[in-house]
Amino acid sequence: MGSRLLLVLSACLLLVGAAACRSPQPPSEWSFGIIGDLPYAPMEEPQFENLIDAMNREDLAFVIHVGDFKGQNDPCADDIYRQRLEQFNRFSHPFIFVPGDNEWTDCHKPETPSDPLERLAFLRKVLYPTNRTLGQTTFELERQSSSPAFALFRENSRWSRSGVLFATIHVVGSNDGFGRWPEGDREHSQRGAANRAWMEAAFRLAAGDRYRALVLVIHGNPRFELTPGDSGRSGFEDFLGSLEAAMLAFSKPVVLVHGDTHYFRIDKPLRNSETRRRIVHLTRVESFGVPDVHWVRATFQEANPNVFVFDPVLLSTGREEP
């Protein structure tokens, strides 16, 4: 196709995996955008700017970035955090950012090198300056940090729209930062307790009559496909155990949005650890990630029992598409 065309997948992906054709949105529908794991390299900066422009032309309630706004081997210098804040505020829509591992846990690498915990404190200061979203249009968020017991955790937030509760939870890639050094493991334990409390509170709220669905947003791929005890998911065990227990006690649709592994997918990966049956009312949506600088449209449909439809939206890279 022509290099300047905006490519939109012609088939819509429903939560149940069926296909449907898009039509103009009726008043009972609205959409939000999902991006993540971008930009990394300098060559992707123009693509990211084009992505911002393209999404600003869309009618979206808000945009969520699921983390990783720099390459894992790039320096964790102050200027990249401030640059991303400026770019995120270029979005005309309310903008919610969820931390990724590249922004802080991976800053220990010789290529970076920085103190991950100091970078985490700086990230919280710069990217979460108020109780409102980023972007040119904003709305109020409820932050976990409003509780004195969890005053550090400004990044854990929630909001609602049309009977859907949204909650961000600070779970990152690279095994959620677990198993590297003692101070990091203490941070992992503290953050895990905060995450567990925030997720359990979200499920309790969503169980009420005013809500019909719950959307959880994290960065890290929690490695559903690995077996318990595998070192590749040791840092996610507590999150996965809490998620399974909550899902077994909850009957409404739940969407788990994450990034991390740069592989766009929509599936149902969570199983009951005793029966091995899939817990089918949980749907996982993973965002695109570099080198694929695209986005995902999530559309709320009032009459749809699955609540959301997901559309991959493919943007031209300036090269001829295959």
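At what angle do the axes of helix 5 (residues 182–206) and helix 6 (residues 237–248) cross? In this predicted model, the two axes cross at roughly 15° and come within 10 Å. An angle under 35 degrees counts as roughly parallel, and helix 5 and helix 6 are therefore roughly parallel to each other. The crossing of helix 5 past helix 6 is right-handed.

From helix 5, the residues in this contact are Gly192, Arg196, Met199 and Phe203, and they meet Asp238, Phe239, Ser242, Leu243, Ala246 and Met247 of helix 6. By class, six of the residues in the contact of helix 5 with helix 6 are nonpolar, two are polar and two are charged.

Asp238 belongs to helix 6. With a relative accessible area of 40%, Asp238 is partly exposed. Leaving aside residues up to four places away in sequence, Asp238 touches Gly192 and Arg196. Gly192 and Asp238 are 46 residues apart along the chain, and their C-alpha atoms are separated by 7.4 Å.

**Overall composition**

The chain has six helices and 15 strands. Of its 322 residues, 54% count as buried. Among contacts between residues at least 6 apart in sequence, 73% join residues at least 24 apart.

**Helices 1, 2 and 3**

Helix 2 has contacts with helix 1 and with helix 3. The axes of helix 2 (residues 78–88) and helix 3 (residues 116–127) cross at roughly 25° and come within 10 Å. Helix 2 and helix 3 are therefore roughly parallel to each other, and their crossing is right-handed. Helix 2 contributes Asp78, Tyr81, Arg82, Leu85 and Phe88 to the contact, whereas helix 3 contributes Arg119, Phe122, Leu123, Val126 and Leu127. Seven of the residues in the contact of helix 2 with helix 3 are nonpolar, none is polar and three are charged.

The axes of helix 1 (residues 45–56) and helix 2 come within 11 Å, crossing at roughly 30°. That makes helix 1 roughly parallel to helix 2 as well. Here Glu45, Phe48, Glu49 and Ile52 of helix 1 meet Gln83, Arg84, Gln87 and Phe88 of helix 2. The contact of helix 1 with helix 2 is made up of three nonpolar, two polar and three charged residues. Phe88 is named in the contact with helix 1 and also in the contact with helix 3.

| Helix pair | Axes come within | Crossing angle |
|---|---|---|
| Helix 1 and helix 2 | 11 Å | roughly 30° |
| Helix 2 and helix 3 | 10 Å | roughly 25° |
| Helix 5 and helix 6 | 10 Å | roughly 15° |

**The disulfide**

The count of disulfides comes to one. Cys76 and Cys107 form it, with their sulfur atoms 2.0 Å apart. The torsion about the S-S bond of Cys76 and Cys107 is about -95°, so the disulfide is left-handed. The pair links distant parts of the chain, 31 residues apart: Cys76 lies in the loop between strand 5 (63–65) and helix 2, and Cys107 in the loop between strand 6 (95–97) and helix 3. Both cysteines, Cys76 and Cys107, are buried.

Where are the cis peptide bonds? One runs from Leu38 to Pro39, with omega near -10°. Pro39 sits in the loop between strand 4 (29–35) and helix 1. Another cis peptide bond joins Val290 and Pro291, with omega about 10°. Pro291 is in the loop between strand 13 (282–286) and strand 14 (295–301).

Positive phi values in residues other than glycine occur at Asn175, near 60°, and at Val307, near 75°. Asn175 is in helix 4 (residues 173–176) and is buried, with a relative accessible area of 15%. Val307 lies in the loop between strand 14 and strand 15 (308–314). At 1% relative accessibility, Val307 also counts as buried.

**Ser145**

Ser145 is placed in the loop between strand 7 (142–143) and strand 8 (157–161). Is Ser145 buried or exposed? Its relative accessibility is 15%, so Ser145 counts as buried. Residues up to four places away in sequence aside, Ser145 touches Phe150, Ala151, Phe153 and Arg154.

Key
Residues are numbered from 1 along each chain as its sequence is written. This is a predicted model: local features need pLDDT of at least 70, side-chain atom pairs count only at pLDDT 80 or more; totals for chains, interfaces and linings use all residues. Side-chain values use heavy atoms; hydrogens and water are left out. Axes are lines fitted to C-alpha atoms, for helices over the stretch in contact, and angles run from 0 to 180 degrees between N-to-C directions. Helices (H or I, at least four residues) and strands (E, at least two) are DSSP runs, numbered from the N terminus. Angles under 35 degrees count as roughly parallel, over 145 as roughly antiparallel, 65 to 115 as roughly perpendicular and the rest as oblique. A crossing is left-handed if the near helix is turned anticlockwise from the far one by less than a right angle, and right-handed if clockwise. Contact means heavy atoms within 4.5 Å. Ala, Val, Leu, Ile, Met, Phe, Trp, Tyr, Cys and Pro count as nonpolar, Asp, Glu, Lys and Arg as charged, and the others, Gly among them, as polar. A disulfide is a pair of cysteine sulfur atoms within 2.5 Å. Buried means under 20% relative accessible area, exposed over 50%, partly exposed in between (1.4 Å probe, protein chains only).
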